[in-house]
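Open the model in your viewer and keep the selection tool at hand. The tour below goes from one selection to the next and says what is there.

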Amino acid sequence: AASATRVPGERASLASIAESQPSPPAPAPAVPTAAPAANPNASLLDNAEQAENTLLTLLGKDTDSLISYRSGPAKELVAYAHRWLKLVGEEFRDEVTEGLLKRPRGIECTISVLGPVKDSSRGAQWLTVKIKENKSEDEEAAPDPTAMHMLWLSAEFGVVFYISGYQPDRRGDKFRAITFDADALRHGRAVPPRDLPRVKARCVELASASTTLQRVHALCSIGKLDPVLAAALTSPEAAPAAAHSPWAPLDEQSLLPSVQKQLSRLNPGQRAALCGLDGAVTVVQGPPGTGKSSFITAACLSRVPAGSRILACTATNKAIDSLVAKLEAAGLTQMLCVGSRRAMGEASCRYLMSSVLARDGFVAAAETAIEQHSANVRRIEAELRELPVPDAALLKAGGGK
């Protein structure tokens, strides 16, 4: 069963709902002239030219062209997709612009331009990419991401590379990319640079397009969405009610003062959504900046049954850090974050496994005892090495007795 609580005055959210459906078809072409993927079930990320066209469409703000009313899905689903494609595009452009205005800090690589991709309509180039190895230890981090679907900035040459494809080669793997003038992109214009680097260009990670393209793929595949979830997204009154609500009733009088204070900060839309949680699948929708982290914090503290465990997933480290900071401020400290210390925010890093263990008194005592034991072993070994070596003849005589 699914139900939806829609925050009044806010528009609808989680494109990740659509991503959860198995084997969605390839999205509509990013521009009218783009050719569809050969495999109807292929991901947008697997088609370099389509990924390039989609990225250019997002940077160019014409997101309505990504899916049309003639593409098959019901009119209300296409309208929903249009609304969210616009928001996804705005969020991606803001991320790229912010990275260009600030000094990016992230993974580094060197890029060499090999030459143009034959028959590319977007002036794509073949590159070699060498990711700079991170020598710092980060046991909690996942392996460094590949260069695929990343935007790399060469500040020296004023060029941004978007890597859209990969081709193994005996002489060295090649990557396909389209390029942008960094200064023009900073001002909202996605145009190619006047010149490409003729020598190795040192680059730094500017942004990842993977999540954005996955969202676009999900929204353009919205016609394959389960009808119950589609109803929850577009017409909550038509969604069937749950037979039994898994949520705890909202009883503000029994809550701790810190939790009551947290609830008092909610606006009418957030409070309506909090009170409306009743289904096994609930969709609460709101664009970036509308207070979803505050709502999630309030739901965790007041509507999740006591003793339950919560799994919170977001598309970005920034979103997780915002949520962790709000939960921590509300007094919830039994948390564990998973990810790379160098990529996560200050609040999230406090709840990485290594940080949690460092604060645990039992673990600290055990580590102290192990260190003391190791020191004793080293001391005994040193004393044994200083003992005189027995005479060989004496040992032989002693062995005969």
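Two strands count as paired if DSSP finds at least two bridges between them. The model on screen is predicted. Start by selecting residues 108–116, strand 2, together with residues 125–131, strand 3: the two pair in the antiparallel sense over seven bridges. To look at one of these bridges, pick S112, whose partner in strand 3 is T128.

Six strands form a closed barrel in the order 2-3-6-5-4-7, with antiparallel pairing. On average, and ignoring direction, neighbouring strands in this sheet are turned by 45° against each other.

Helix 3 lies across strand 4 (150–154), strand 5 (159–167) and strand 7 (201–208). Its angle to strand 7 is about 145°.

Keep helix 3 (residues 75–101) and select helix 2 (residues 48–60) as well. The axes of these helices are 8 Å apart, and the packing angle is about 85°, so helix 2 and helix 3 are roughly perpendicular to each other. Which residues make the contact? Helix 2 brings L55, L58 and L59, and helix 3 brings G89, F92 and R93. Of the residues in this contact, four are nonpolar, one is polar and one is charged.

Finish with the aromatic rings. A search of the whole structure finds one aromatic pair, formed by Y166 and F175. The pair is tilted, with 5.2 Å centre to centre and 55° between the planes. Y166 counts as partly exposed because its relative accessibility is 43%, whereas F175, at 11%, counts as buried.

Definitions and conventions. Residues numbered from 1 in each chain as written. Predicted model: local features only at pLDDT ≥ 70, side-chain atom pairs only at ≥ 80, totals over all residues. Heavy atoms only, no water. Axes fitted to C-alpha atoms, helices over the stretch in contact; angles between N-to-C directions. Helix = DSSP H or I, 4+ residues; strand = E, 2+ residues; numbered from the N terminus. Parallel < 35°, antiparallel > 145°, perpendicular 65-115°, else oblique. Contact = heavy atoms within 4.5 Å. Nonpolar A, V, L, I, M, F, W, Y, C, P; charged D, E, K, R; others polar. Phe/Tyr/Trp six-rings, centres within 6.5 Å; stacked < 30°, edge-to-face > 60°. Buried < 20%, exposed > 50% of the residue type's maximum accessible area, 1.4 Å probe, protein only.
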